[in-house]
Amino acid sequence: MSESWTGPLEKVNDFCYEIPRTYKSGMRVPGRIYANQKMLEDIRRDRAPEQVANTAFLPGIVKYSLAMPDIHWGYGFCIGGVVATDPDKEGVIAPGGVGYDINCGVRLLRTRISYEEIKNRIEALINLLFQEIPAGLGSKGGIRLAGKEKERVLIEGAGWAVRQGYGVERDLQFTEEKGALKGADPGKVSSRAYERGKAQVGTLGSGNHFCEIQVIEEIYEPEISKVFGLFKGQITVMIHSGSRGFGYQICDDYLKKMLVHFDKSKLPDRQLVCAPLNSKEGRDYFSAMSCAANYAWANRQVLMHLVRKGFAKFFGQKWEDLGMELVYDVAHNIAKIEEHKVDGKRKRLCVHRKGATRAFPPFHPDIPHEYKQVGQPVIIPGDMGRHSFLLVGTEKAMEEAFGSTCHGAGRLMSRTAAIKSVNKSVLARELKSKGIVIRTAGKETLAEEAPQAYKDVEDVVDVVQGAGISKKVCRMKPLGVIKG
Amino acid sequence: MRGYELLEHTADIGLRVRGKDIEEIFIYAAEGMFAIIAGTEGIETREEIKIECEAEDIEELLVNWLSELLYCFNVKRILGKEFFIEKLEENRVKGGVKGEEFDEERHLLLNEIKGVTYHNLRIEKKGEMWEAEVIFDV
């Protein structure tokens with residue numbers, strides 16, 4: 001597992017390398033990894049490229065088994081993987097291609113506040129938010145779902161939260177899928193998933209999930225930034241969370257259901273277990289996964305509400321008066337039915353994005369009217385010591401990558417290795433000297449999530465920009481971070 | 001060596017377990033999983049929960065057994081200290097866990113395990129001993 005990968009990677013261009021179909025018999029399409037020469041060394045350090053080759057075995061896969069530059073080893077699918085399958089050609093849906101944290105994703109809020117206004121008060125603001133936002137292992141939220149209410153969350157997603165008073169209708173316009181996937185069927189959800197999820201709406205979770213106060217420190221595309229309401233020196237807030245225990249249980253339930261039909265001779269790894277989209281198991285999983293995706297959108301909507309409430313309390317003003325509008329919300333662990341071009345023809349495909357973000361171009365019908373001219377915002381969180389990026393989707397992402405791009409920095413070091421090698425007090429001092437305030441719920445979170453445990457997100461973003469599948473809009477620096 | 005050790009992974013945590021028979025594999029794997037979830041100090045055996053599950057083969061049975069224990073923790077908040085097997089066959093295990101409900105004052109949680117994965121899952125005999133590997137999504 002820790003040995004390096006020595007298989008073939010043929011250069012397509014400076015930003016893309018191919019694993020030929022001939023590498024392993026059983027690959028239905030070639031693999032393609034977006035990366036530059038410098039990153040390949042790190043990518044070869046674990047077995048992630050082998051996983052790109054393995055997912056090329058999936059029935060009905062079209063064009064390529066793709067991986068984004070933040071690729072790293074996952075179980076089954078690699079993290080950073082994009083796989084599209086054709087339902088008309090016995091294409092499958094794979095719970096492992098979405099992952100346990102269904103609709104893990106990120107949202108970005110802007111404010112009217114400038115860095116100059118709050119530079120000396122970040123610590124007090126973070127302390128207040130840390131009180132308001134339930135974070136960490138086993139934390140519970142203030143909402144209990146019972147009876148019909150729980151079904152409404154699963155069907156209406158972020159819309160349910162808005163109708164409960166956690167936000168406003170226009171927030172939904174700026175959420176991928178307007179905050180709810182259609183086709184969610186609560187009848188396909190086990191009682192165990194309900195039990196695991198009932199107290200977790202409005203909780204951040206643990207590990208790499210976070211809520212971060214940031215400042216925009218660099219603008220690359222002034223015109224596009226204007227459309228998103230962003231300017232240099234502006235305070236923004238980023239929230240990263242998912243479907244919590246509810247989604248984990250759905251993944252687990254359906255892996256087990258599908259394993260009954262698993263055929264070792266056809267797929268190289270049990271974790272790739274899947275079912276045709278046009279089968280009962282496939283359809284049931286899609287309906288249950290949609291419930292979890294909607295749960296996650298409701299969760300991020302409630303978290304955003306807690307952030308707005310915290311800011312309102314801190315500044316003694318309404319959040320509306322502080323200009324706390326949602327820029328956008330993206331999912332980065334999900335499977336979606338989308339239309340894409342294959343051999344010149346438009347086809348409905350099932351696009352799996354596991355640690356990858358949708359990146360639709362200007363004029364795509366699924367992006368908000370206000371953003372039509374510029375494309376869909378793509379939110380790329382970095383580690384807590386460096387920076388995060390806002391990108392937009394492009395036509396080339398549509399042509400080459402099923403409208404997809406990267407999702408974050410990508411881990412470089414295991415959690416245990418980080419705990420062993422990172423000196424927490426040195427790191428805390430370093431972050432403090434950079435003007436970054438950190439509050440963590442977990443004892444080891446600071447070391448596990450240390451900047452050195454991650455790739456530099458700038459390298460990742462430069463590759464997707466170089467490849468033309470996204471465009472950099474602006475860069476944000478963390479000021480205050482809450483980690484679970 | 002009998003017992004468990006943690007495996008290094010970029011994004012996840014794995015366990016390598018060794019035992020004199022499969023029963024020990026099941027017990028050490030459960031101990032290892034709870035050592036990932038929480039500090040083992042201060043857990044007492046105040047409650048007992050019985051577990052019974054089935055699977056297609058012995059490897060999947062190990063995952064199901066661990067998933068059941070994980071469920072006990074996630075929903076009933078039971079931290080396991082001692083594990084026991086009453087009956088173990090190729091497709092079925094009957095056993096349980098002794099432990100107590102998580103108490104913020106006395107117990108320390110370490111990691112959230114999202115799921116027990118099937119990736120690189122194996123149980124095999126090595127010489128006189130049995131060895132297993134299992135990976136958790138954390």
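Predicted model: local features only at pLDDT ≥ 70, side-chain atom pairs only at ≥ 80, totals over all residues.

Which residues of α11(A) does α10(A) meet?

**Stop 1: two helices of chain A**

Select residues 244-259 of chain A, which form helix α10, and then residues 280-315, which form helix α11. From α10(A), the residues in the contact are A:Arg244, A:Phe246, A:Gly247, A:Ile250, A:Tyr254 and A:Met258. On the side of α11(A) they meet A:Glu281, A:Asp284, A:Tyr285, A:Ala288, A:Met289, A:Cys291, A:Ala292, A:Tyr295 and A:Asn299. Sorted by class, this contact has ten nonpolar, two polar and three charged residues. Now look along the helices: their axes are 9 Å apart and the packing angle is about 170 degrees. An angle over 145 degrees counts as roughly antiparallel, so α10(A) is roughly antiparallel to α11(A).

**Stop 2**

Show the side chains of A:Val153, A:Leu154 and A:Ile155 in α5(A). Their partners in α11(A) are A:Ser290, A:Cys291, A:Asn294, A:Tyr295 and A:Ala298. Here the classes are six nonpolar, two polar and no charged residues.

**Stop 3: across to chain B**

Go back to α10(A) and select residues 58-76 of chain B, helix α2. How do the axes of these two helices cross? They come within 13 Å and cross at roughly 155 degrees, which makes α10(A) roughly antiparallel to α2(B). The crossing is left-handed. In α10(A), pick A:Gln249, A:Asp252, A:Lys256 and A:Leu259. They meet B:Glu60, B:Val63, B:Asn64, B:Ser67 and B:Tyr71 in α2(B). The contact is made up of three nonpolar, three polar and three charged residues.

**Stop 4: a residue in a strand of chain B**

While in chain B, select B:Glu82, found in strand β4 (residues 78-88). B:Glu82 is partly exposed, with a relative accessible area of 39%. Apart from neighbours within four places in sequence, B:Glu82 is in contact with B:Thr45, B:Gly96, B:Val97 and B:Lys98. For a distance to check in the viewer, take B:Cys53: its C-alpha atom is 18 Å from that of B:Glu82, and the two residues are 29 apart along the chain.

**Stop 5: a residue in a strand of chain A**

Return to chain A and select A:Ser241, in strand β9 (residues 234-241). Is A:Ser241 buried or exposed? Its relative accessibility is 0%, so A:Ser241 counts as buried. Not counting residues up to four places away in sequence, A:Ser241 touches A:Asn103, A:Cys104, A:Gly105, A:Thr203, A:Leu204, A:His209, A:Asn299, A:Arg300 and A:Leu303. One of these, A:Gly105, is 136 residues from A:Ser241 in sequence, yet their C-alpha atoms are 5.8 Å apart.

**Stop 6: an open sheet**

Select the seven strands of chain A that form an open sheet in the order β1-β2-β3-β4-β5-β13-β12, with mixed pairing. At the edges stand β1 (10-13) and β12 (333-342), each with a single partner strand, so one side of each has no neighbour in the sheet. On average, neighbouring strands here are turned by 25 degrees against each other, direction ignored.

Within the sheet, pick β3 (residues 31-34) and β4 (residues 65-72) of chain A, which pair in the parallel sense over three bridges. A:Gly31 stands opposite A:Ser65 in β4(A).

**Stop 7: a covered strand**

Finish with β16, residues 388-393 of chain A, where six of six residues are buried. A:Ser388, A:Leu390 and A:Val392 are on one side, and A:Phe389, A:Leu391 and A:Gly393 on the other.

Which strands pair with β16(A)? Strand β15 (residues 377-380) of chain A pairs with β16(A) in the antiparallel sense over four bridges. In that pairing, A:Pro377 has A:Val392 as its bridge partner. Strand β19 (residues 470-483) of chain A also runs antiparallel to β16(A), joined by six bridges. There A:Ser388 stands opposite A:Met476.

Notes. Residues numbered from 1 in each chain as written. Chains lettered and ligands numbered in written order. Heavy atoms only, no water. Axes fitted to C-alpha atoms, helices over the stretch in contact; angles between N-to-C directions. Parallel < 35°, antiparallel > 145°, perpendicular 65-115°, else oblique. Left-handed = near helix turned anticlockwise from the far one by under 90°. Contact = heavy atoms within 4.5 Å. Nonpolar A, V, L, I, M, F, W, Y, C, P; charged D, E, K, R; others polar. Pairing = 2+ DSSP bridges. Buried < 20%, exposed > 50% of the residue type's maximum accessible area, 1.4 Å probe, protein only.
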